[in-house]
Amino acid sequence: MTAMDLVYNLLVVLHLLGMAAIVGGWIAVRSGRTVIAPVVWGARAQIVTGVLLVGIASAIKDDEHTVNNTKIAVKLLIALVVAAMAEIGHARSKRGEDAGTFLDVAGGGAVVNVGVAALWA
Ligand code: HEM
């Protein structure tokens, strides 16, 4: 494994942990209607680690690291919606306001992106 592969695989680890923070946070607090901070950090992490993964994959460009630009564009769009909903929901939660719908759109959007990541051939 080259140093680049190691960095890439570590980014995949962070990418999966970011996903876990959003989806796990959503499931954990779904009995309430509050967007907790880990959901927001997970949503930000997905955009940063995802963009870095695309950058490195484009640089490596072998059979194991191909980039489907349409798929990435869809994932980025959904990830931006997830992050925006998480930020707004968290701000509302801090003011003691209801954020259930924002939480659901953020959590549901993350699940949709897992589907796009794993099912889009
Ligand atoms: C809420 C946002 C996101 C979620 C939940 C998510 C989820 C995932 C998951 C579960 C995988 C692993 C799929 C597999 O191993 O087959 C993955 C891989 C990947 N994601 Fe995301 N993703 C998100 C956002 C993004 C964004 C914004 C980008 C790029 C702009 C991106 C780029 C990538 C890339 C390049 C991989 C491939 C990693 C590899 O080589 O296995 N993701 N994503």
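In this structure 19 residues surround the ligand, with Y8, H15, Q46, K75 and N113 the closest, where a residue counts as near a molecule if one of its heavy atoms lies within 4 Å of it. This is a predicted model, in which local features need pLDDT of at least 70, side-chain atom pairs count only at pLDDT 80 or more, and totals for chains, interfaces and linings use all residues. Residues are numbered from 1 along each chain as its sequence is written, and side-chain values use heavy atoms, with hydrogens and water left out.

- An oxygen atom of the ligand lies 2.7 Å from a polar side-chain atom of Y8, a polar contact being a pair of N or O atoms within 3.5 Å.
- A side-chain N or O atom of H15 is 2.8 Å from a nitrogen atom of the ligand.
- For K75, a side-chain N or O atom is 2.6 Å from a nitrogen atom of the ligand.

**The shell around the ligand**

- The elements that give two or more residues to this shell are α1 (3–29), α2 (37–60), α3 (69–94) and α4 (100–119), and α1 gives the most, with six residues.
- By class, the shell has 14 nonpolar, four polar and one charged residues, where Ala, Val, Leu, Ile, Met, Phe, Trp, Tyr, Cys and Pro count as nonpolar, Asp, Glu, Lys and Arg as charged, and the others, Gly among them, as polar.

**The chain**

- The chain has four helices and zero strands, helices being DSSP runs (H or I) of at least four residues and strands runs (E) of at least two.
- Along its principal axes, the C-alpha trace of the chain spans about 50 × 25 × 20 Å.

Technical notes. Polar contact = N/O pair within 3.5 Å; in protein donor to acceptor, adjacent residues only side chain to side chain.
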